[in-house]
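Colleague: I am new to this one and would like to learn how to read it. Could you walk me through a few features?

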Amino acid sequence: MSGQGRYRYLFSPLRIGPVVARNRIVFSAHLTNYAEDGHPTEQHAAYYAARAAGGAGLVITEEHSTHPTDWPYEKLIHGFHRSVIPGYRRITEAVHAHGTPIFAQINHNGGQASSMYSRLPVWAPSAVPDPMFREVPKALEKHEINEVVAGYGTVAAHCAEGGFDGVELQCSHSSIVRGFLSPATNKRTDAYGGSLPNRMRLLREIIHAVRESIGPDRALGVRICGDELIEGGTTIDEAVEIATAVEATGKVDYINTSIGVATSTLYMIEASMHVPPGYSLFIPNALRRRVNLPVVGVGRFKDPQQAERALEEGHCDLVGVVRGQIADPDFAAKARAGAATDIRTCLSCNQECVGRMGLNRWLGCIENPRAGKESTALPTPAVRGRRVLVVGGGPAGLQAAAVAARRGHRVTVLEEQPRTGGQVSVAASVPSRAEFLDVVRNLAAECERHGVEIRTGVRADATLIRAESPDVVVLATGARPQAPHWAGGCERVVDVRDVLEGRAEPDGDVVVVDDLGFHQSTSTSELLAERGCAVELVTAGMVVGQDLGITLDMESFNVRAHRHGIAQSTDLVVMGCGRQDDGGVVLQLLHHPTGQMRERRCDWVVCATHQAPNDQLWHELRGSPFDVHRVGDCIAPRRAHAAVVEGHRVGVTL
């Protein structure tokens with residue numbers, strides 16, 4: 001059955017004011033960090049065009065700043081400069097070439113910002129500092145409010161001149177308008193504070209100014225926060241009142257939704273795999289019951305069936321699919337063609353999309369090495385039909401195999417274990433991390449579609465490899481655990497992989513040593529706690545699992561850790577260990593801020609520490625009559641995104 005027949009609602013057209021979307025799948029606004037010197041780039045055009053070509057019904061760009069006081073991060077599009085218009089035209093022409101409408105989101109971040117780049121005071125409704133930026137903003141005076149409103153009108157006019165089909169006002173998770181709407185941040189006593197109608201005054205003025213600028217032939221939308229999830233903030237009841245008032249202006253064509261605040265409760269806006277899909281559908285559902293305007297629902301939609309169900313059950317009229325279309329630009333086209341199982345489903349790991357944004361890097365994707373590189377053309381294969389042998393069926397090997405096969409080579413993968421997956425299969429076996437296995441499932445399916453032969457249960461040595469007479473060998477042999485220097489051969493000091501792969505079964509009082517600052521220690525701690533162990537997480541860092549903050553997993557982990565009774569101890573360096581008479585372990589710990597030593601007795605120690613590359617084959621095969629490449633952990637043990645990127649890089653060069 002075709003996707004159009006299977007998805008009755010998802011692939012039906014919808015009128016949004018003067019614009020018709022060919023289906024209900026929206027590539028909603030999100031940051032990319034692709035701007036250069038405040039201007040849109042060719043990468044923007046290629047990025048959005050790829051999703052339009054992939055079948056999205058509507059594209060909404062990232063935010064365009066409406067005023068010089070708004071510069072919360074370096075690579076922001078400064079929409080208030082006329083010099084952005086040529087870049088706008090390149091974007092809109094690229095998207096329109098695929099028959100897809102494109103809207104521009106415009107915004108002023110208000111108090112959720114910093115003066116680092118602008119060297120100007122941050123503007124907000126009241127002098128209430130944001131908990132992330134920790135900067136006291138300047139409370140707007142009336143003439144400055146007028147300036148803000150005028151800025152929205154100016155940028156909207158630039159967007160219209162640049163060819164956009166509509167404009168969306170970001171009034172949700174990071175916005176000066178949200179700041180005015182929220183009783184948590186609006187403490188004013190004038191006509192713009194106090195009652196909800198007063199707090200809405202700025203929004204109404206902006207709607208009027210923007211509609212005047214874009215005229216009746218372009219769509220206008222408003223994105224509303226349904227629940228800020230902060231004390232004293234906007235809740236769903238007020239959000240419904242805001243939506244009905246927005247509709248009552250008669251100047252707005254649709255309402256988009258969000259949840260949380262982009263600083264205090266960011267982990268709920270771009271939720272990781274620990275949060276169930278569709279978690280925020282209660283917001284568009286509540287709004288849709290009270291307004292007649294089309295309503296967009298968001299909230300970690302991984303596949304078209306989830307999106308179809310949200311429409312069928314009446315939660316929303318359109319579905320925002322962002323990370324799903326970052327991972328696979330052809331998300332919509334594959335669903336429409338009845339090939340939903342071919343979609344490269346998003347992991348919601350947040351490592352290369354949300355995580356890179358937090359590190360001021362351009363947006364990428366752990367599964368899609370082309371994300372963020374769409375404007376760079378791939379080279380044409382110099383020779384096709386080469387015999388390629390890939391050793392190792394983890395993400396690096398499978399990615400190299402899939403890319404090489406897609407580019408015309410004959411590829412075989414040899415995997416020692418009974419199934420492919422490598423360390424990803426191990427990592428996905430812990431609580432709440434099962435979706436991480438999708439990276440392997442997706443790559444294995446892609447290999448199958450492109451005719452890659454996969455042989456499991458095969459231990460590849462140099463003799464076997466030479467007997468295969470390949471033209472090219474790609475080594476993706478991964479990494480192996482190694483005991484930390486202080487372990488001293490103690491049998492009850494084991495690696496997290498020993499636990500997850502069943503070689504060790506710690507019980508009783510367990511200390512988990514976190515040297516990696518990521519899921520290895522925290523997930524294993526949860527697993528051990530669920531098995532009945534008393535667990536203490538120890539790290540030399542200032543925070544246990546510090547990189548969980550980058551991927552927005554920290555808050556949910558801390559909730560679960562508290563529930564399981566997992567203790568967390570920081571600033572402790574393991575200096576040595578010894579055996580107890582009962583077979584347990586005595587750890588010598590240095591509290592490095594004070595230089596004090598302490599002793600910790602326990603039954604077992606589980607280490608999330610650095611691994612060693614499995615590079616023996618590399619050394620044995622050097623000087624062979626065929627080309628030999630290494631990818632992933634057998635070069636240097638790192639995280640999955642490095643394996644995928646290197647697998648792709650080698651597959652392209654063959």
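Colleague: Why is H2 largely enclosed by the rest of the structure?

Modeller: Keep in mind that this is a predicted model. A residue counts as buried when under 20% of its relative accessible area is left. In H2, nine of the twelve residues are buried, so the helix is largely enclosed. Among them are Gln43, His44, Tyr47, Tyr48 and Arg51.

Colleague: What covers the buried residues of H2?

Modeller: The cover includes strands E3 (25-27), E4 (58-65) and E5 (77-78). Helices H3 (85-96) and H11 (323-327) are also part of that cover.

Colleague: How far apart are the end C-alpha atoms of H2?

Modeller: A helix should span 1.5 Å a residue, so the twelve residues of H2 (residues 42-53) should span 16 Å; the end C-alpha atoms are 16 Å apart, which agrees. Just after the helix, Gly55 takes a positive phi of about 105°.

Colleague: Now for a strand. How many residues of E15 are buried?

Modeller: Five of the six residues in E15 (residues 410-415) are buried, and the strand is mostly covered.

Colleague: Which strands pair with E15?

Modeller: Strand E14 (residues 387-391) runs parallel to E15, joined by five bridges; in this pairing, Val391 has Leu414 as its bridge partner. E15 also pairs with E16 (residues 453-456), again in the parallel sense, over four bridges. There, Val413 is partnered by Ile454.

Colleague: Which helix belongs with E14 and E15 in a β-α-β unit?

Modeller: That is H14 (residues 395-406), and the unit made by E14, H14 and E15 is right-handed.

Methods: Residues numbered from 1 in each chain as written. Predicted model: local features only at pLDDT ≥ 70, side-chain atom pairs only at ≥ 80, totals over all residues. Heavy atoms only, no water. Helix = DSSP H or I, 4+ residues; strand = E, 2+ residues; numbered from the N terminus. Expected span 1.5 Å × (residues − 1). Buried < 20%, exposed > 50% of the residue type's maximum accessible area, 1.4 Å probe, protein only. Contact = heavy atoms within 4.5 Å. Pairing = 2+ DSSP bridges. Right-handed = clockwise from strand over helix to strand, strands pointing away.
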